[in-house]
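Please read it with the structure open.

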Amino acid sequence: RLLARVSLDREIMTSERPIKAGTLHGKARRHAPFREMLVELQKNRLVAYHYDKVKDTTLAHYTIVNQRVVQLEKLPTDTQFGFTFEGGVEYQSPIKINKVYPDTPAMKSGEVYEGDVIFELNGISLWGKSHSDMTKIAKDGGKTMTLHLACLNPRDIGSKGESESSAEGELALIAEIPLLMASVCKYERGTALVRSDGFEVVSSNGKQELSLLFNASTADLMTEWISAISDTVKKLNKNEVEKWNTWTELEDYEQILHMGTVHELLPANAHYKVWQRKALVVTKGHLNIFSSLPDSVEGWFRPEESYSLHQITVKIMKLPNDERVQSSQKRANSIIVQSGTGKSHIFSFESHHELESWLKELHDASITAVNELKRHSYRGIWNDMSVLFTIDIDQGFLVEDMHHAIKLEDLYMAVCTIEAFMIAKVASQDMKSLERVLNASH
């Protein structure tokens with residue numbers, strides 16, 4: 001009933017149709033109890049309402065009256081249940097009873113009236129359902145049908161004298177989560193523990209962090225919501241990149257290629273949360289990392305950490321064999337980003353698809369940077385020293401440490417070394433093989 005009600009209000013107030021809507025159990029504060037919420041996924045935000053007797057809400061255009069559940073059953077002499085319906089998501093209207101025919105189960109029940117809104121049919125919410133969806137659900141029910149019906153009466157919002165009993169309840173706004181650079185996470189916050197039936201949506205309004213935690217009744221329902229919200233976030237982030245590059249006077253190397261949120265594994269003693277939400281921005285020249293979303297344009301030019309793309313390597317973590325992370329901290333779909341300075345970062349993603357998407361963006365951006373600079377650097381160990389190996393089109397093969405650089409002047413030696421380097425696949429994996437190759441070359 002809440003879903004149909006909001007649909008009508010939305011049509012009257014903004015003509016905006018939500019991308020997805022439904023009821024979930026959720027909460028906006030971590031220690032609050034879960035309660036049933038009406039959740040709307042709109043084009044740039046996630047909105048949650050609670051059904052309560054709260055006055056003077058902006059959505060109180062209708063009073064829900066005469067709610068009832070009606071059971072219909074076709075007798076051997078009946079060919080139909082005896083009513084037609086109209087509306088559906090394609091008409092931006094709730095599904096309603098259009099006509100009731102005499103001498104039919106609907107008419108004989110005495111509880112089905114023309115104009116009634118059908119909130120549920122056979123236990124299935126009709127919010128977001130099309131006309132054909134309604135037909136299919138009705139046919140699947142066979143010879144019986146359960147209708148959840150009610151009337152929606154327009155209210156005078158300016159009326160102050162309305163009694164409490166004239167309305168059965170109001171919609172109270174719980175939270176609005178902006179979806180630009182939002183994250184959708186199945187893990188319990190800060191841990192590697194996966195929620196079996198829930199997920200959390202986290203974002204920021206520029207001043208404070210906002211979140212909503214949901215429980216879904218089925219795994220399929222949870223997957224539907226996560227997918228819908230994640231797709232909306234990706235579209236918003238992509239549009240923001242396009243606007244940023246168009247509206248802001250950026251140097252070519254500052255042009256943004258990709259942006260989004262991930263979770264980074266922190267040292268155990270760095271924070272009480274082992275995994276922390278971070279924002280990543282890939283430009284034509286750098287990978288920029290932010291602990292929190294900047295609240296100003298200038299803030300986007302002051303990342304917490306920044307690395308040149310031609311000096312990073314990216315590797316997928318192979319769980320559970322990777323010993324760099326304790327078993328209790330391991331998350332699936334994680335990567336290691338190794339920088340030219342020797343510092344590494346471990347980032348996790350919500351799905352394998354998201355991981356592959358980020359890998360492609362980082363790979364393509366790195367190739368572009370390498371092609372423009374004509375050089376690529378890798379971190380490794382040579383003769384027990386931490387060094388930076390650089391393949392430079394103009395200068396050859398360079399080995400650099402903190403104090404000096406060694407240049408291999410012999411072109412033949414450089415080519416042989418590079419060839420052995422690539423065969424050993426040491427660019428992202430096998431540093432011991434690299435050490436053996438270089439020692440042999442040396």
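1. Trp244 has a relative accessible area of 12% and is therefore buried (buried means under 20% relative accessible area, exposed over 50%, partly exposed in between, with a 1.4 Å probe and protein chains only). Phe301, at 42%, is partly exposed. The model is predicted, so local features need pLDDT of at least 70 and side-chain atom pairs count only at pLDDT 80 or more, while totals for chains, interfaces and linings use all residues. Residues are numbered from 1 along each chain as its sequence is written, and side-chain values use heavy atoms, with hydrogens and water left out.

2. Five aromatic pairs turn up in a search of the whole structure (rings of Phe, Tyr and Trp, the last by its six-membered ring, pair if their centres lie within 6.5 Å; planes under 30 degrees apart count as stacked, over 60 as edge-to-face and the rest as tilted). One of them is the edge-to-face pair of Trp244 and Trp300, with 6.3 Å from centre to centre and 70° between the planes. This pair links distant parts of the chain, since Trp244 is in helix H4 and Trp300 is in the loop between strand E16 (286-290) and strand E17 (305-308), 56 residues apart. Both Trp244 and Trp300 are buried. Trp244 and Phe301 form a tilted pair, because their ring centres are 6.1 Å apart and their planes are at 35°. Ring pairs join Trp244, Phe290, Trp300 and Phe301 into a cluster.

3. Overall, the protein has seven helices and 24 strands (DSSP runs numbered from the N terminus: helices are H or I with at least four residues, strands E with at least two). Of its 442 residues, 45% count as buried. The accessible surface is about 23,500 Å², and carbon and sulfur atoms account for 51% of that (Shrake-Rupley method, 1.4 Å probe; for residues, only the protein chains shown count as cover).

4. Which residues touch the most other members of the largest nonpolar core? They are Leu46, Leu179, Phe199, Phe214 and Ile229, in a core of 24 residues (a nonpolar core is a set of buried Ala, Val, Leu, Ile, Met, Phe, Trp, Tyr and Cys residues joined through side-chain atoms within 4.5 Å). Elements that each supply at least two residues of this core include strand E3 (45-52), strand E13 (209-215) and helix H4 (219-247). H4 gives the largest share, seven residues. Another core, of 19 residues, lies apart from it and has Leu72, Ile118, Met134 and Met145 among its members.

5. Met134 also belongs to helix H3 (residues 131-140), where Met134, Ile137 and Ala138 are buried. These residues lie on the same side of H3 because they cover an arc of only 100° around the axis (the arc is that of the directions from the helix axis to the C-beta atoms). Exposed residues Lys136, Lys139 and Asp140 sit on the face of H3 turned away from the buried side. Gly142, with a positive phi near 75°, follows H3.
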